[in-house]
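Me: I have a structure here and would like to learn how to read it. Can we go through it together?

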Amino acid sequence: MSEAAVRVSGLRKTVHVGFRRRPVEILKGVDLTVGPNDVYGLLGPNGAGKTTTVKVALGLMRPTSGSVALAVEGLSHVGYLPENPYFYDYLSGREFLGFCARLFAIDADARRKRVDELLRDMSLEQAADTHLRKYSKGMLQRIGIAQALINDPELVLLDEPMTGLDPVGRVEVKRIIETLHERGRTVLFNSHILSDVHELCSRIAIMREGRVVWEGAVAEALDEAPSLEDFFMKVVTA
Amino acid sequence: MARRLLALVVVLVCAGGVVAYQVSRPARAPADPRVFVPSAAFFLDFSPSFRTSAADAYYLSMVQYYGEHVNGDGRLDSLRQMVDLVTRLSPHFTRAYMFGAFALIDAGRPDVGYALLKNGFVENPGDWHFPAYLGFFAYRYGAGKDKDLAAAGWYEKAAAIPGAPSYLLRLAATLSAKGGADQKAIVMWGQVYLGGDKYVRQKAVTELDSILPKDKAARLKAVAPLYQTMPKADFAALTAELFKGYAP
Amino acid sequence: MNQVVAIAVNTFRETIRDRILAVIVVFALLMIVGGLWLGSISLGEQGRMMIDFGLVAVTFFGLIVAVFVAAGLVHKEVEKRTVFVLFSKPVSRSAFIGGKFIGLCGTMAVVLSGMGIFLFALVWIVNRQPSWMVLAAVVMVYVQLLAIVAVTIFFSTLGSAILASVLGICVFVAGQLSQNVLSLTRLGKNPVTQVFSWVVYVIVPNLSAVDVKAGVVGEQTLAWGQIGLWTAYLLAYVVVVLALAALVFRRKEF
């Protein structure tokens, strides 16, 4: 069994777009390794292939070649928050989390307890029985994080988790990520907010045009540039 | 604000125009006596699931068509095709046959009505209404001296169907006698006597008395077949009435 | 199994909360108005007209709900990206398709029950006696629509929701004409036409075989044994179509 929580080896992904099914190579040989208990940041400009890499890891897309190996067996121990999430707006927060818990075959009592716990942790108790269509962007983001944690996952993948959050919300999410790390969980998240990456991540990978152009510890990056922003710009414009 | 007002005025003018036009149209649009009626074959080839629905829709259409024209221009040019369509799609729709047959009288085609009822009876042999109405049609619209016997035949058939009213046999017997089939009439009146109450029995005796010869020997010969068709006690009671006043 | 049940319950909630039940109310109003109107123009055949047109209305409304809701079930999840929430969890594509189908079956049962019971009560009032066959006919309409739901879900895995709806309606119409296709297999002289007719006959579900409308109004003697066999055929057909849908959906990427 691999020691790494996530090991991506030579990952390529080609999609066919348009009426003529023109092939477009999105991932051109991605290699990265996420260690157990890492808080790992996946960075890159828009269109670099970050979300696609995560989707392939989750089985939402099939690789054209290469592989993605997860230390955990199947998706039962994985949690995922998609970018700009959309949920079932006809469900209340409580119903939605209950539904997600049921998909993990969590029994009724445990389900109830877990849902209450997450609603409390995400400060959504007051809105628990309100339909999601009435939730603000920030509330939706928080319920999204809650559903990603419903099964108490070993590996958590968060795509732009801070999007739409006010400063209070962002502090709460950071606290959650820190708590996950303290509890020995592995977190991989995509983000454009480099200050958050700097604060939370131990390791990062920078992608550009379907490849990983740099991977290493945040401390290593800061050895080469005065700030993470400068390092990032240096790598992506090289 | 001005634009909104203008939009409102336009909408109101259009709405007013729509209502005024509708209200000013004649209450009853002149209807063409000749309408398109698809062939039954088209629907018969179509799904069996919707045949009865199509039949019902055309039945309603047929009733409306009849109502529009019978008291109007009196022209029922397409009635026959409509009736044919409805009854072919729904052969057990008895009301359609009945309505259609009588409506065809108004269309000047009682012969077609008669044929329609005959088809209906083939499809619905357990319904006494068909032969009963056929008897009526034969009597009322038949020609020649055999029409009474033809009607009597139909009434006799109707009377034999379970659930048929008792008067049908009386009608058959009366018409048989009128048509000259005295022997048949005698047997039928015997059946009427069997199935009736005291008033019907009295009627049967009166009718038999008028049919039977006055001569005792001939009378005896004429009632002899009743001995085969009636229980002994009833035969005895009937003949006692028929031979009252005759010497023993 | 848990996932199938969870998705089915969620689908049921989704469709019921989509104000689908308003269909029952519209149907009820239509039947009341229609019934009063029929009473005045049918020359005493109000009961028969009510049964016949009522069952056609149940079929029509049921078909609309079945096709348009089924077409959107899969498509909506992909469009709104809720598939990411679903398939990032241990949920198989087959469980998703199965759950969606079962959930919509539940909704269809509620809608058709509502319409069926209302029609039954109305016919009872008009005819002054209950016509249990009306309820049996509604059950058979439900069986037909199960096949259409399955077929529409299958088409929705292949293309857009609109295309799936249109094809679902086409299959319903074709299913009513199944007997005609069978005739073509026997009457065609060209072997290519015959083979083609056979293929079409096998692929298109024979919906008219379980339709008992004609029997309810006394036009047909119903052979319940045969109808039972055809019902089993349709349920097996549903299983095959859903399996195909799951197979196609397995290849989909999001």
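Me: Which residues touch the most other members of the largest nonpolar core?

Reply: This is a predicted model, where local features need pLDDT of at least 70, side-chain atom pairs count only at pLDDT 80 or more, and totals for chains, interfaces and linings use all residues. Residues are numbered from 1 along each chain as its sequence is written, with chains lettered from A and ligands numbered from 1 in the order in which they are written. A nonpolar core is a set of buried Ala, Val, Leu, Ile, Met, Phe, Trp, Tyr and Cys residues joined through C-beta atoms within 7 Å. Buried means 20 or more other C-beta atoms within 10 Å of a residue's own, with C-beta atoms placed from the backbone. Here the largest core has 155 residues, and C:Met108, C:Val149, C:Ala150 and C:Ile153 touch the most other members.

Me: Which helix gives the most to this core?

Reply: Helices are DSSP runs (H or I, at least four residues), numbered from the N terminus. Helix H6 of chain C, residues 132-158, gives the most, with 16 residues. A second, separate core of 62 residues includes B:Leu79 and B:Leu208.

Me: How many residues of chain C are in contact with chain B?

Reply: Contact means that two C-beta atoms, placed from the backbone, lie within 7 Å. By that rule, 21 residues of chain C meet 15 of chain B. H3(C) supplies the largest share of chain C's side, 5 residues.

Me: Which chains share the most contacts?

Reply: Chains A and C do, of the 2 pairs in contact. Chains A and B do not touch; their nearest C-alpha atoms are 33 Å apart.

Key. A residue is buried if 20 or more other C-beta atoms lie within 10 Å of its own, exposed if 12 or fewer, and partly exposed in between; C-beta atoms are placed from the backbone. Helices (H or I, at least four residues) and strands (E, at least two) are DSSP runs, numbered from the N terminus.
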